[in-house]
Amino acid sequence: MPAKTERISVYQPEQEGREFPQVPVFATAAEERDHRKRRLVAACRAFAAHGLDYGFAGHLTVRDPEFPALYWTNPMAVHFADVKLSNLLLADHDGRVREGRHALNRAGFVLHSAVHEAHPDIVAMCHAHTVYGVAWAAMGRLLDPITQDACCFFEDHVVIADEGGAVTVERDAGKKVAAAFTGVKAAIHRNHGLMTASRHSIESAAFWFIALERCCRQQLMIEATGRPPVLVPPERARYSREHVGSDYISWLHFQPIYDRLVRTDADMFD
Ligand SMILES: [Zn+2]
């Protein structure tokens, strides 16, 4: 597969000839579709490995490269650890399943299709009901820049209060959430949970989700001490976000997770 270096980052100095993950480029839409589907499966397996499951809750989506109004997603009521190439669904913005034998998660479709429809630049999106993300979402507050990692989300996430407490199955509710989810990589949906998006890849959206859940956990731990943390000053937080908060860096973070899953989850691509 031909490859190119998408962007030089602080992690990617001039080291010509050394082994380093490369963002793939594709000769055909079919090749890219197959790649996106495989990485979507891996993202679901990564969610399982990180304990981000809660019954049938949680949905991950990635646009089809050829038909951007269609998106691939995990099937309803199948554990993240059991998602595989052969049980993915292809759905449209109206919630119709175009490919796949499983049912679609109605709440997932309402949320994800609204976001994908309102934001054509968003390639992939993740949402799940996680322990720390949901707990933090009850606070109705933005995360503070308490660490370098948290700086990735500095001035790049929102709190959405609309429609948080009740399950979102009506399309108007999805549209309100989508409108609030503008120009950022992540959202804390009050009394509901976390959402992340990527303009780059499903790997990137999935890693942002893992990172955001971790940030929520860390801020809850710090606040539980009752002592105020030292915050990263805004200009330093912005600097960190510019350097380690890009979708490319998030994609790069996902590569070792993917490589590990290829070794541990032999049935991913069945
Ligand atoms: Zn939900």
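**Getting to know this structure**

User: Does H192 count as buried or exposed?
Analyst: The relative accessibility of H192 is 13%, and buried means under 20% relative accessible area, with exposed over 50% and partly exposed in between (1.4 Å probe, protein chains only). Bear in mind that this is a predicted model: local features need pLDDT of at least 70, side-chain atom pairs count only at pLDDT 80 or more, and totals for chains, interfaces and linings use all residues. Residues are numbered from 1 along each chain as its sequence is written, and side-chain values use heavy atoms, with hydrogens and water left out. At 13%, then, H192 counts as buried.

User: Which residues are the protein donors of the zinc ion?
Analyst: Donors are N, O and S atoms within 2.8 Å of the metal (3.2 Å for Na, K and Ca), and water is not among the atoms, so sites may look incomplete. Here the protein donors are NE2 atoms lying 2.0 to 2.1 Å from the zinc ion. They belong to H127, H129 and H192.

User: How many residues apart are H129 and H192?
Analyst: Along the chain, the zinc donors follow the spacing H-x1-H-x62-H. H129 is in the loop between β7 and α3, while H192 is in the loop between β9 and β10 (193–198); helices (H or I, at least four residues) and strands (E, at least two) are DSSP runs numbered from the N terminus. H129 is partly exposed at 27% relative accessibility. The pair links distant parts of the chain, and the separation is 63 residues.

User: What is C126 in contact with, leaving aside its neighbours within four places in sequence?
Analyst: Contact means heavy atoms within 4.5 Å. C126 is one of the core residues that touch the most other members. With those sequence neighbours set aside, its contacts are F47, H59, L60, H112, L194, M195, T196, I202, A205, A206 and F209.

User: How far apart are the closest N and O atoms of E32 and R36?
Analyst: A salt bridge is a side-chain nitrogen of Lys or Arg within 4 Å of a carboxyl oxygen of Asp or Glu, and the whole structure has 19 of them. E32 and R36 sit four residues apart in helix α1 (residues 29–49), about one turn of the helix. E32 is partly exposed at 24% relative accessibility, whereas R36 is buried at 16%. Their closest N and O atoms are separated by 3.1 Å.

User: How many residues apart in sequence are the parts that D265 and R45 tie together?
Analyst: D265 and R45 meet in a salt bridge, 2.9 Å from N to O. D265 lies in the segment after α8 (247–264) and R45 in helix α1, so the pair ties together separate parts of the chain. Both ends are buried, D265 at 18% and R45 at 3%. The gap in sequence is 220 residues.

User: Which ring does the charged end of K185 sit over?
Analyst: A charge sits over a ring if NZ of Lys or CZ of Arg is within 6 Å of the ring centre and within 35 degrees of the ring normal. R38 does this over the face of F269, at 4.7 Å from the ring centre. For K185 the distance to the centre is 4.5 Å, and the ring belongs to W208.

Technical notes. Core = buried A, V, L, I, M, F, W, Y, C linked by side-chain atoms within 4.5 Å.
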